[in-house]
Amino acid sequence: MSKRGAFIAIEGLDRSGKSTQASALIKRLEAANVPCKHIKFPDRTTPIGKMIDSYLQSKTELDDHVIHLLFSANRWELASSIVKALEEGTTVVCDRYAFSGIAFSAAKVLPRETTSKDGDSTIPIPTHVLSYEWCRAPEISLPAPDLTFLLEVSPEKAESRGGYGEERYENKEVQEHVRQVFDRIGEEIESSGVGKWVVLDADLDKDEVEQSVWDEVKPFIEHMGVSGPVRKLW
Ligand code: TMP
Ligand code: MG
């Protein structure tokens with residue numbers, strides 16, 4: 001069997017430069033004559049993707065469980081085409097994947113925080129709407145990325161990049177909660193051995209980040225190769 005393609009995911013908070021880096025990586029792969037394909041989640045072009053788009057733009061309201069399952073279904077509707085491309089030797093670069101799905105949903109807290117008394121001070125206890133385990137469940141068995149980059153951006157830098165847009169989740173408080181879930185996912189992926197998780201400082205200049213991405217991808221594709229069947233998420 002000829003070598004299969006690598007499955008590479010680029011994850012991070014909003015304004016961390018994921019899309020820029022995914023495009024830059026595709027250009028580098030093309031220049032190196034590596035067959036490759038650029039995909040993005042959510043894929044807003046499918047019927048499910050259109051429902052997600054409408055929700056993100058606050059044109060529709062959906063129960064938190066429902067939107068979580070739609071995001072996951074949006075991946076499942078493309079899962080077999082991802083596996084097919086990889087098996088045909090095409091490297092797939094994915095701008096956001098299941099880890100965003102878990103992180104953004106598990107980060108949701110009820111608007112009103114409950115408090116606990118600790119001596120004289122009152123400590124807010126955020127109440128999560130969906131548990132981490134519940135959010136992770138629909139992602140189980142999706143094709144697993146061989147390599148995932150988490151682009152870490154500081155709140156200050158994210159804001160300096162033109163601030164957040166108009167979409168749901170694009171505010172500091174949500175992003176901070178999401179950051180914490182991403183850290184937990186990274187630890188789990190690392191210890192499960194199902195793929196490599198690389199954290200990069202995305203506050204740096206985009207050319208520097210691009211070089212760091214390439215420094216990981218190039219040897220990965222050339223030397224280690226990607227062998228064996230496409231793995232499944234843990
Ligand atoms: P985008 O800005 O990359 O198009 O993503 C839109 C928003 O959707 C972004 O705030 C992250 C969020 N999101 C989820 O909540 N769950 C998911 O599964 C994915 C892929 C994105
Ligand atoms: Mg966005």
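View 1. Helix H3 (residues 64-87) lies across E1, E2 and strand E3 (91-95), and its direction makes an angle of about 145 degrees with E3. Helices (H or I, at least four residues) and strands (E, at least two) are DSSP runs numbered from the N terminus. Contact requires C-beta atoms, placed from the backbone, within 7 Å. Angles, from 0 to 180 degrees, compare N-to-C directions of axes fitted to C-alpha atoms, for helices over the stretch in contact. This is a predicted model, in which local features need pLDDT of at least 70 and side-chain atom pairs pLDDT 80 or more, while totals for chains, interfaces and linings use all residues. Residues are numbered from 1 along each chain as its sequence is written, chains are lettered from A, and ligands are numbered from 1, in the order in which they are written.

**View 2. Five strands line up in an open, parallel sheet.** Reading across the sheet, the order is E2-E3-E1-E6-E7. At the edges sit strand E2 (36-40) and strand E7 (196-201), each with a pairing on one side only. From one strand to the next, the twist averages 20 degrees. Strands count as paired when DSSP finds at least two bridges between them. Helix H7 (residues 172-192) lies across E1, E6 and E7, and runs at about 140 degrees to E7.

View 3. Strand E1 (residues 7-12) joins strand E6 (residues 147-152) over five parallel bridges. Look for alanine 9, whose bridge partner in E6 is threonine 148, and for isoleucine 8, which stands opposite leucine 147 in E6. Six parallel bridges link E6 to E7; here glutamate 152 has aspartate 201 of E7 as its bridge partner. Five of the six residues of E6 are buried, which leaves the strand mostly covered. A residue is buried with 20 or more other C-beta atoms within 10 Å of its own, exposed with 12 or fewer, and partly exposed in between.

View 4. The shell consists of Asp14, Phe41, Pro42, Leu56, Phe71, Arg96, Ser100, Gly101, Phe104 and Tyr169; a residue belongs here if its C-beta atom lies within 6 Å of the ligand. H4 (residues 98-106) gives the most to this shell, with three residues. Proline 42 belongs to the loop between E2 and helix H2 (47-56).

**View 5. Two loop residues have a positive phi.** Arginine 15 is not a glycine, yet its phi is about 70 degrees. You will find arginine 15 in the loop between E1 and helix H1 (18-31), where it counts as buried, with 21 C-beta neighbours inside 10 Å. Asparagine 33, also other than glycine, has a phi near 60 degrees. Asparagine 33 lies in the loop between H1 and E2 and is exposed, with 7 other C-beta atoms within 10 Å.

Technical notes
Contact = placed C-beta atoms within 7 Å.
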